Amino acid sequence: MKKFAIKNIKMVLIGAALVGFTSACDVTDLVPANLIPDSEAFSTAPRIESAVLGVYESAQRGFYADAVQRGYPFGAANVEQGDLRGEDMYNDQAFYEITYNNSYSPNSANNAGMWISLYRMINRLNIILENLDIAITNGVLTAEAGNAYKGEMLFMRALAHHELLIHFARPYSDNPSSLGIPYRTFGIDDVTKVPDAEAVGRTTVGEDYAQLIKDLDAAEGFLPEGNASRANKGAAIALKSRIKLHMKDWPGVLAEYAKLSSKYAVTASPVTPFRGSTSTDNIFSFINSATSNPGTNGALPAMYGNPDLGARGLVKISPIIWRADFWNTEDTRRTLLTTRSALGIFTGKYTDATTFSDPNPILRFAEVVLNAAEANARLGGANTAAAVTLLNTVRSRALPSSVPAYTVTDLGENVLTAILNERRIEFLAEGRRWPDIHRLSGEGLMAGIPQKATSRSITSIDFYTTSKAIPMDHSLAYSSNLFVWPIPLAELQNNNTAPIEQNPGY
């Protein structure tokens with residue numbers, strides 16, 4: 001953690017939790033939040049709840065160039081950066097160009113903002129984790145309430161560290177012994193602890209993934225079932241499913257799926273998960289609102305929405321995926337979840353371009369289903385039929401009855417390809433393309449980032465509806481140093497005790 005991020009750690013921890021104070025009148029009459037000493041910060045249950053809500057707030061509106069209105073890391077930025085590193089969403093303006101054309105550097109704001117906001121979030125939750133047992137012992141919290149908070153913070157810690165791993169480290173699927181990221185498991189709430197924090201170096205990717213699973217196993221044990229707006233048991237299990245997919249732990253993916261298969265369901269309409277956050281498909285989302293959102297320069301409906309409908313429309317669906325032969329022309333996701341303008345086709349998953357209140361879906365059951373489909377396909381043999389059945393669970397509900405479901409015979413040796421293509425369709429505009437490119441390149445199933453439609457060249461709907469040639473550029477070989485982001489220069493310059501190692505080539 002950088003020194004500039006530590007100097008006001010009490011204010012960072014409690015001050016960011018102001019959203020929690022609005023419903024806790026007995027707290028608002030006390031001393032200002034940024035003046036609460038450590039001895040009092042965890043002295044009442046409402047204050048602890050406010051601190052926990054502050055972690056959610058730091059995840060939804062974290063750091064970006066000294067501002068909060070960009071949705072870093074999980075209010076919107078994880079989706080925008082994850083999509084623009086891939087080829088299926090298209091950069092229409094200069095806003096995301098550095099990400100889209102792979103021209104970032106150790107000074108670039110996007111990757112620095114992700115690094116800083118994630119570690120600030122991690123520090124907040126680690127401080128809370130260290131104080132929960134004390135609060136339980138002192139009778140401030142019941143053991144049940146304290147353990148539930150532990151589960152939330154451990155889930156958030158794993159989610160944050162995994163986001164760091166897919167951007168700043170090589171994939172587990174290539175070499176678990178490669179350089180990972182600093183996995184921070186203790187908090188810094190005093191300058192005397194700064195040297196200890198600076199001494200936490202980069203462990204291996206394998207060690208980091210082992211810690212992810214350890215945190216999530218513990219979170220699963222602590223967390224209750226719950227709604228999708230807070231970390232819950234299902235969210236911990238779903239995130240383990242995702243992480244085990246990156247680890248190529250196919251039996252592990254299936255074990256996590258089995259825990260959720262009777263509790264969640266893919267919705268009959270592909271639209272339902274994006275019209276609120278309470279469907280059977282929604283496992284965990286970060287909630288935005290009219291008063292707390294990533295703003296016009298960050299919110300998903302502003303960035304991704306159709307300018308004809310009041311959005312900024314800086315990112316649209318790429319004609320590459322729109323014209324892909326594997327996306328059936330009768331698929332209702334083409335009509336129900338997209339909108340058209342003269343400039344092209346935009347996602348319709350996020351609709352509130354006025355107050356930016358759309359939730360950011362982080363974990364959906366459809367992902368868990370396709371994770372299990374892929375795991376079955378990888379195991380092969382008798383598992384192949386199960387893989388196709390799970391694939392159809394997602395695909396067929398978006399197709400008319402006149403389009404037959406896939407069969408094992410139809411797909412032959414292409415079951416895995418069909419599943420990977422379905423992921424591109426189902427999770428379009430949800431930020432999931434980059435994580436798939438990352439892990440699949442690591443195991444040699446992709447050669448790196450594929451060619452994209454040339455930035456700022458797709459100027460009309462004709463690129464989607466006719467055979468007009470799509471200008472192509474911006475591919476990146478897996479062997480390139482640019483495949484992983486550089487460690488921000490500010491991190492290296494501010495770590496005076498034991499500077500961590502920069503990624504090769506920067």
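# Close-up views of a predicted model

**View 1. The lining of the largest cavity.** The residues that line the largest cavity divide into 9 nonpolar, 2 polar and 6 charged. In this predicted model, the largest cavity holds about 130 Å³ of space, and among the 17 residues of its lining those closest to the centre are Asn 78, Arg 242, Ile 362, Glu 367 and Arg 432. Two or more lining residues come from each of helix H10 (143-168), helix H13 (233-246) and strand E6 (360-364). The structure as a whole contains 6 cavities of 30 Å³ or more.

**View 2. The second largest cavity and its charged lining.** The volume of the second largest cavity is about 80 Å³, and its lining comprises 4 nonpolar residues, no polar ones and 7 charged ones. The lining is made up of Asp 83, Asp 88, Met 89, Arg 423, Arg 424, Phe 427, Leu 428, Ala 429, Arg 432, Arg 433 and Asp 436. Helix H21 (415-426) and helix H22 (433-442) each contribute at least two of the lining residues. Arg 432, listed in this lining, is also one of the residues closest to the centre of the largest cavity.

View 3. Helix H10, which gives two or more residues to the lining of the largest cavity, has 26 residues and spans 37 Å from its first C-alpha to its last, close to the 38 Å expected at 1.5 Å a residue. Of these 26 residues, 22 are buried, and H10 is thus mostly covered. Helix H18 (residues 365-379) has 15 residues and reaches 21 Å between its first and last C-alpha, close to the 21 Å expected at 1.5 Å a residue. Because 13 of the 15 residues of H18 are buried, this helix is largely enclosed by the rest of the structure. Gly 380 follows H18 and has a positive phi, near 70°.

**View 4. Arg 202 in the loop between H11 and H12.** Arg 202 is found in the loop that runs between helix H11 (194-198) and helix H12 (205-222), and with a relative accessibility of 13% it counts as buried, because that value is under the 20% cut-off. The side chain of Arg 202 reaches the backbone oxygen of Gly 180 at 2.6 Å, and a polar contact of 2.9 Å joins it to the side chain of Asn 503. When neighbours within four places in sequence are left aside, the contacts of Arg 202 are Phe 168, Leu 179, Gly 180, Ile 181, Pro 182, Ile 487, Ile 500, Glu 501, Gln 502 and Asn 503.

**View 5. Arg 397 in the loop between H19 and H20.** The loop between helix H19 (384-395) and helix H20 (408-411) holds Arg 397, a buried residue with a relative accessible area of 16%. A polar atom of the side chain of Arg 397 lies 3.2 Å from the backbone oxygen of Thr 267, and the side chain also reaches the backbone oxygen of Val 394, at 3.0 Å. Apart from neighbours within four places in sequence, Arg 397 is in contact with Val 266, Thr 267, Ala 268, Ser 269, Pro 270, Arg 333, Asn 392 and Glu 426.

View 6. Most residues other than glycine have a negative phi, and most peptide bonds are trans. The peptide bond from Tyr 72 to Pro 73, however, is cis, with omega near -10°, and Pro 73 is placed in the loop between helix H6 (45-60) and helix H7 (77-84). Phe 356, although not a glycine, has a positive phi of about 60°; Phe 356 is found in the loop between strand E5 (344-347) and E6, and is buried, with a relative accessible area of 12%. His 474 is likewise not a glycine and has a positive phi of about 70°. The loop that holds His 474 lies between strand E9 (472-473) and strand E10 (476-477), and at 12% relative accessibility His 474 counts as buried.

Conventions:
Residues numbered from 1 in each chain as written. Heavy atoms only, no water. Helix = DSSP H or I, 4+ residues; strand = E, 2+ residues; numbered from the N terminus. Buried < 20%, exposed > 50% of the residue type's maximum accessible area, 1.4 Å probe, protein only. Contact = heavy atoms within 4.5 Å. Polar contact = N/O pair within 3.5 Å; in protein donor to acceptor, adjacent residues only side chain to side chain. 1 Å grid on protein atoms, 1.4 Å probe; cavity = no way out; pocket = protein on both sides within 12 Å on 5 of 7 lines; lining within 4 Å. Points joined across faces, edges and corners; volume = space filled by probe spheres on them. Nonpolar A, V, L, I, M, F, W, Y, C, P; charged D, E, K, R; others polar. Expected span 1.5 Å × (residues − 1).
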